[in-house]
There are 2 protein chains.
Amino acid sequence: MADGTRLRILLVGASGTIGRAVAAELGARHDIVPAGRTSGEVRIDIADPASIVAALRQVGPIDAVACASGSVNFRPLSAIEPASVTDSLYALGLANKLMGQVNLALAARETLRDGGSITLISGVLTHTPIVAGSSATLVNAAIEGFVRAAAIELPRGLRINAVSPTVLSESMAAYGPFFRGFEPVRAARVGLAYSRSIEGAQTGQVYKVP
Amino acid sequence: MADGTRLRILLVGASGTIGRAVAAELGARHDIVPAGRTSGEVRIDIADPASIVAALRQVGPIDAVACASGSVNFRPLSAIEPASVTDSLYALGLANKLMGQVNLALAARETLRDGGSITLISGVLTHTPIVAGSSATLVNAAIEGFVRAAAIELPRGLRINAVSPTVLSESMAAYGPFFRGFEPVRAARVGLAYSRSIEGAQTGQVYKVP
């Protein structure tokens, strides 16, 4: 899609720090359809598969789906006990950031035009664990695994990648104590990684923004 | 634990191809407590958190927990639709191979002696996807993420690693069509990787058996 074509991009999590950066990077040369749980042209709750399917039917034909949203719990391992998939402290991450994005990708197959792209979000914790971050590391690693696997099976030239940002400068006030010693990046740099995924031609990649 | 101490090792999945190889490698110099869903001294269903907790209380103090068991579905991506964590075709892998092993590790904290180890199983598909293997890749990647994260938070010198084998020579009759072009390994080599994890001193590692 490096030929100057104007793309129609569904941006999930458009109102967040990363979502706004993605819109700032891509909005001038493409058509962004902002989506979110409580705001945006399209309402979507990625934790609810029916909401995802309905949102994608509502939005109609698109060239790209980009997700800049996903929740996990942060909890010390010492506070986590054995529990089922739905009762566990890992349940939020499994249902929201992991299966929410997996389901978004699966549903997007119906709506994406030939050669369209799916961009999910993981994060630096995949390979750099922090205390209280075991859910984030587990979920991010699973997302990157899904991207590698889905890339070889998607039909019609559809592509899928993940963007893996480190902690954002804009989030250090809130998350700084979890990320001591990490070098934060501005969200605008994360927006560039979404551009590489959406406007590039690779698939099955993890674009790190370290 | 390289000092010749005789270790008491709970081996989950002891009756399987890998479990038997682990017992063959370690059984002469350590005490293996075989465990399984339908056989073994200790009965354990890793998909059931209550079963895990009960099994570990039954077994009493141990020096190592090793898991050589975990189920996932193999299904073409084209046959997988958006669905909840419990209804999805990914549900088996999430509840069994992933959260089953996570819960085994969490429960083992109570039973393991100081400096004891936890060894989980992932697999070659983490980084080498195959058609119909998206659940395995997602789940294996998540297990390896959990291992990296848990390693920095476990108390009392407890260690945790994963063993990641490629397809087994012993399994090629059943799984060969999924693994065309893969060079299989004998289960005995996978047993050596469990030995490195249990009798070594590292933590947060993934021991590949390629």
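What follows is a short exchange on the two chains and some of their residues.

Modeller: This is a predicted model, in which local features need pLDDT of at least 70, side-chain atom pairs count only at pLDDT 80 or more, and totals for chains, interfaces and linings use all residues. Residues are numbered from 1 along each chain as its sequence is written, chains are lettered from A and ligands numbered from 1 in the order in which they are written, and side-chain values use heavy atoms, with hydrogens and water left out.

Biologist: Which C-alpha of chain A is nearest the axis?

Modeller: A rotation of 180° with 0.0 Å of shift along its axis superposes chain A on chain B, with an RMSD of 0.0 Å (by least squares on the C-alpha atoms of residues with pLDDT of at least 70 in both). The two copies are thus related as by a two-fold rotation axis. In chain A, the C-alpha nearest that axis, 2.2 Å from it, belongs to Ala142(A).

Biologist: Is Thr17(B) buried, partly exposed or exposed?

Modeller: Thr17(B) lies in helix H1, residues 17-26 of chain B (helices are DSSP runs, H or I, of at least four residues, numbered from the N terminus). Buried means under 20% relative accessible area, exposed over 50%, and partly exposed in between, with a 1.4 Å probe and protein chains only. With a relative accessible area of 28%, Thr17(B) is therefore partly exposed.

Biologist: What separates the C-alpha atoms of Thr17(B) and Ala187(B)?

Modeller: Not counting residues up to four places away in sequence, Thr17(B) touches Leu168(B), Glu170(B) and Ala187(B), where contact means heavy atoms within 4.5 Å. Although Thr17(B) and Ala187(B) are 170 residues apart along the chain, their C-alpha atoms are separated by 6.7 Å.

Methods
Helix = DSSP H or I, 4+ residues; strand = E, 2+ residues; numbered from the N terminus.
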